[in-house]
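Visitor: I'm new to this one. Could you walk me through it?

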Amino acid sequence: MEYKATVHRLMKEKEQLSFEFFEHLHKHPEISNQEFETTAYVKDILKSLDIEVIDYGMETGVVGLLRGGSDGPCIALRADIDALPIQEDSTQEFCSEVPGVSHACGHDAHCAALLTAASILSEMRDEIKGSVKFIFQPAEELNTGAKILVDRDCLRGVDAIFGVHNSPDVPFGSIGVKDGPLMAAVDRINMKIYGRGGHGGQPHLTCDPVVAAASFIQSAQTIVSRNISPNRFAVVSICDMKAGSGAINNIIPEEVTMYGTVRTFDSADAKMIEERLKKMIAQIADAYNCEGECEYIYQIPATYGMHELYDTAYAAASAVGVPVDPTPTGGGEDFSIYQQHVPGFFYWLGIREEDNDCVYPWHSPHFKLNKAVVPIGAGLYAMSVFKGIDAVNNGLLK
Ligand code: NI
């Protein structure tokens, strides 16, 4: 357990460095798949730490490999690096220098924490009985970045992976450690109802898809309430609807298009919701002499704290903060894509501070976190490597 004292000492020593990383990244945000400068910045730092940068032929995103003092398990650590097309309006001491773009989800803190962890672990490399893969992932906000990396075989040789996201729902200094689902599976639903258009004053000559759509939208809200136990989590939201060509009072359109999202923690629930939506839209549309269809696209599965790694993650979190049992959210995370391939655990790093204005949700223009969270995140990543290697060696993941 000597490594715990060393991690603590280095967290303190590298605090200023971690703030520099955070400030730079915060001032220079880049949206998904455009993280070119961030990529170059991360690469330069990894190289300066004598960490090998592996070329997967990606335009953005970086993977680094640190070999420890002896052979052993490979632990991957993942941070996302993309920002959002949101104009910052926060009380952060330094702000985004890019108009209309900001790190309103705090990925700058994740990236800075992983860079700091790389700095800590590079000094401790002789103590690492295995290796560490640092994954700086692009395009998390589009739910596509993890897939890019997995498709390029970046998980080859990885025994376990750990990921971290900040949480404005968890108090600063606490770390959310969940034994089970933490963030929801995200599926897309694209729906259409086809009718027969005509004059708004002569509806009897039409098959009105707007009325059919209204009925369908109401009914779709019963899928969760009448089919899933009130003790379970599921969401069906229809978020976008298009009928007609805009602000016209007297034309009944030919068709109505709807877009929405389904969120679940259990894939069996998603399957049930898919079946109900397809049946409901077809039969309700039919009742109005229209035709309806629903395209159901499975995008990302639920992100969770893997049961077999719970004690490991709890121990790592205890070393740098106060572990708490967080309330799961209907938001999604493409960390789950890695979890489909290798054992993994996902933490929430608490940032909530009422006194410091760090209370706003992800993607709010007011979103703010205290940079003091960055060295804590770095320590969490570093501890996860040592605890993760122990877990693999102790056969916990067999
Ligand atoms: Ni995020």
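Guide: Let's start with a term: buried area is the accessible area (1.4 Å probe) that two parts lose on being put together, summed over both. Keep in mind that this is a predicted model, where local features need pLDDT of at least 70, side-chain atom pairs count only at pLDDT 80 or more, and totals for chains, interfaces and linings use all residues. Residues are numbered from 1 along each chain as its sequence is written, and side-chain values use heavy atoms, with hydrogens and water left out.

Visitor: What area do domain 1 and domain 2 bury between them?
Guide: The domain bounds come from an automatic or database domain assignment, which gives domain 1 as 2-184 + 302-393 and domain 2 as 190-300. Of the area buried between the two, 65% is on carbon and sulfur atoms. The total is about 770 Å².

Visitor: Which three residues supply 47% of the area that domain 1 buries against domain 2?
Guide: No other three residues of domain 1 supply more. They are Asn143, Ala184 and Gly330.

Visitor: How many salt bridges does the rule find across the interface of domain 1 and domain 2?
Guide: A salt bridge needs a side-chain nitrogen of Lys or Arg within 4 Å of a carboxyl oxygen of Asp or Glu. Searching the whole structure turns up 18. Across this interface, though, the count is 0.

Visitor: Which residue does Arg78 meet in a salt bridge?
Guide: Arg78 sits in strand β3, and its partner is in the loop between β15 (322-324) and α10, 256 residues apart. Helices (H or I, at least four residues) and strands (E, at least two) are DSSP runs, numbered from the N terminus. At 2.8 Å, N to O, the partner is Asp334.

Visitor: Why is the pair of Phe22 and Phe94 edge-to-face?
Guide: Rings of Phe, Tyr and Trp (its six-membered ring) pair if their centres lie within 6.5 Å; planes under 30 degrees apart count as stacked, over 60 as edge-to-face and the rest as tilted. By this rule there are 11 aromatic pairs. Phe22 lies in helix α2 (residues 15-27) and Phe94 in the loop between β3 (74-80) and α4 (107-123), so the pair ties together parts 72 residues apart in sequence. Their ring centres are 5.8 Å apart, and the pair is edge-to-face because the planes are at 65°.
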